[in-house]
Structure formats: structure tokens, C-alpha cells
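Thank you for sending this model; my notes follow as numbered points, moving from the whole chain to its parts.

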Amino acid sequence: MKVSDFFQGVREIEVGGPKIAFSFEIFGFRINLTETIIISWLVMAGLIALVLFLTHNMTVKPTRKRQVIAEFLVEIVDNQVLSAMGKEYKWFAPYIGALFASSIFGSLIGLTGLRPVTADFSTVLTWALMTFVLIERAKIKADGIGGYLKSFINPLNIISEVSTPVSMAFRHFGNIGGGTIITSLLYFALTGLSLAIGLQFPIFNIGIPAVLSLYFDLFTGFMQAFIFMMLTMANIANAKSED
């Protein structure tokens with residue numbers, strides 16, 4: 001009896017971008033709906049459902065554990081923004097919280113077997129460009145449009161501005177994408193080891209990858225989300241204080 005393909009392990013390695021689920025055309029333009037977009041919708045739907053659950057029927061004085069948890073999470077984000085950016089930037093807290101939640105859950109969804117959305121460079125680049133717009137807005141507000149344009153007389157300032165979103169995106173993508181590739185190589189190597197000793201079932205794929213996923217999926221996913229959040233706050237707050 002032939003062993004199902006599901007139990008044959010990883011016998012081939014294919015490193016590529018997200019797969020295209022389906023395509024359609026609008027006014028002559030082809031739109032590709034990739035697995036990253038679909039999984040991102042799943043992550044957003046999960047986050048919305050979680051927020052609605054935690055904030056349902058809230059009262060002035062918390063009487064439910066879920067409200068206590070919701071207020072605790074909001075307080076953590078508010079305190080982080082206050083300590084890193086100051087009181088005048090407290091209104092950034094919802095954006096920072098949404099960015100952190102999207103990043104960490106976008107990475108942790110890889111634990112379910114789906115492709116992490118943060119392993120797609122376009123995802124983290126979009127977040128970095130959103131932050132870049134907020135940084136430039138803060139600089140214009142601080143120096144005026146004239147002072148802002150004057151800063152670009154020095155060509156090095158142009159390079160510095162462009163490098164900010166690029167470096168933020170590559171740092172996040174490189175760690176998550178690299179972890180995905182290493183995990184695939186590990187499954188391939190363990191499958192090869194099982195076949196080398198004559199086993200039809202890749203027994204070495206059981207347990208060992210799960211232990212390593214604690215680092216690649218949990219620790220790295222959390223750390224990259226935290227670093228991206230801190231860089232976002234630091235770059236926006238520092239924009240006002242730059243000459």
C-alpha cells in the first residue's frame with residue numbers, strides 16, 4: 001500500500017514567492033489575488049473578532065475578565081508610546097498597536113501550516129512605507145514645507161530618507177523569510193535522513209521541527225514585531241527633533 005503524499009515528508013525544495021490563488025481583470029489590468037492577500041484577510045478577520053470579543057458589553061468598572069485583558073493590553077501600548085514618543089504622540093497608540101498585532105499574528109499564523117504574511121516582502125514594505133509617510137509628515141509639521149525641502153540640498157539626506165523604509169522592511173522580511181527557508185531545509189534534511197536508513201515514513205520530522213519552531217516562529221516572530229514597532233516610534237518621534 002502506497003503511503004499518502006501527506007506522510008512522505010519534504011522531498012523537494014522550492015523557494016519562491018506566494019502562490020497566486022486566482023486572477024481577474026479590471027479595466028484591462030490584471031489583478032493577482034495571492035495567498036498572502038487571502039491569509040492577510042484571515043489575520044485581519046481574526047483580530048477583528050478578538051477585539052469585538054474582548055470589548056463586547058464593556059462597563060465603566062470592569063466586571064469581566066475579557067474587559068480586564070482588553071484594558072491591560074491598551075494600557076501596555078499607551079505606556080509604550082508615552083515612554084518612546086511622548087504625550088504629544090499618544091494619538092499614535094492605535095496605529096502602533098495595530099501594527100504590532102498585524103506583525104506578530106502575521107508571523108505566528110505560520111504555526112498553522114499557512115505561509116506567514118510577513119514572509120512576503122510586499123507586506124512589510126507596505127508597513128514601512130506607511131511609517132515613512134508619517135515620518136515625513138512629522139518633519140514637515142516641525143520644519144515647515146520650506147525647511148523640509150531645504151534639508152534635501154544635501155544628497156546624503158535623500159539617501160538617508162530612502163534607506164529608512166527599505167532597511168525596516170528588509171530587517172523584518174529577512175528574519176521571517178529566512179526562518180521559513182531554514183525550516184523547509186530542515187524538513188528536507190530530516191526526510192532524507194529517514195529515507196537513508198530505509199524508513200518509508202519520515203519519523204525524524206516528528207518532534208524536532210516543533211522544538212525549533214519555538215525559536216523561528218514564536219521568538220523571532222515576537223522579536224521582529226517588537227523591533228519594527230520600536231523603530232516606527234523612534235523614527236517618527238526623532239523626526240521632530242532633527243535639525
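1. Of the 243 residues in the chain of this predicted model, 30% count as buried. The accessible surface of the chain amounts to about 15200 Å², and carbon and sulfur atoms hold 69% of that area.

2. The chain contains six helices and two strands, and in sequence order these elements follow the pattern β-β-α-α-α-α-α-α.

3. Strand 1 (residues 20-26) and strand 2 (residues 29-34) run antiparallel and are joined by six bridges, with Phe 24 standing opposite Ile 31 in strand 2. The two strands form a hairpin with two residues between them, and in the turn Phe 27 has a positive phi of about 55°.

4. The largest nonpolar core has 22 residues, of which Met 85, Phe 92, Ile 96 and Ile 236 touch the most other members. At least two residues of this core come from each of helix 2 (65-85), helix 3, helix 4 (121-150), helix 5 (155-196) and helix 6 (208-241). Leaving aside residues up to four places away in sequence, Phe 92 touches Met 85, Leu 134 and Ile 236. Another core, of six residues, lies apart from the largest one and has Ile 39, Val 43, Leu 47 and Ile 109 among its members.

5. Helix 3 (residues 93-108) has 16 residues and reaches 22 Å from its first C-alpha to its last, close to the 22 Å expected at 1.5 Å a residue. Its buried residues include Tyr 95, Ile 96, Leu 99, Ser 103, Ile 104 and Ser 107.

Notes. Residues numbered from 1 in each chain as written. Predicted model: local features only at pLDDT ≥ 70, side-chain atom pairs only at ≥ 80, totals over all residues. Heavy atoms only, no water. Helix = DSSP H or I, 4+ residues; strand = E, 2+ residues; numbered from the N terminus. Expected span 1.5 Å × (residues − 1). Buried < 20%, exposed > 50% of the residue type's maximum accessible area, 1.4 Å probe, protein only. Pairing = 2+ DSSP bridges. Core = buried A, V, L, I, M, F, W, Y, C linked by side-chain atoms within 4.5 Å. Contact = heavy atoms within 4.5 Å. Areas by Shrake-Rupley, 256 points an atom, 1.4 Å probe, with all protein chains shown as cover.
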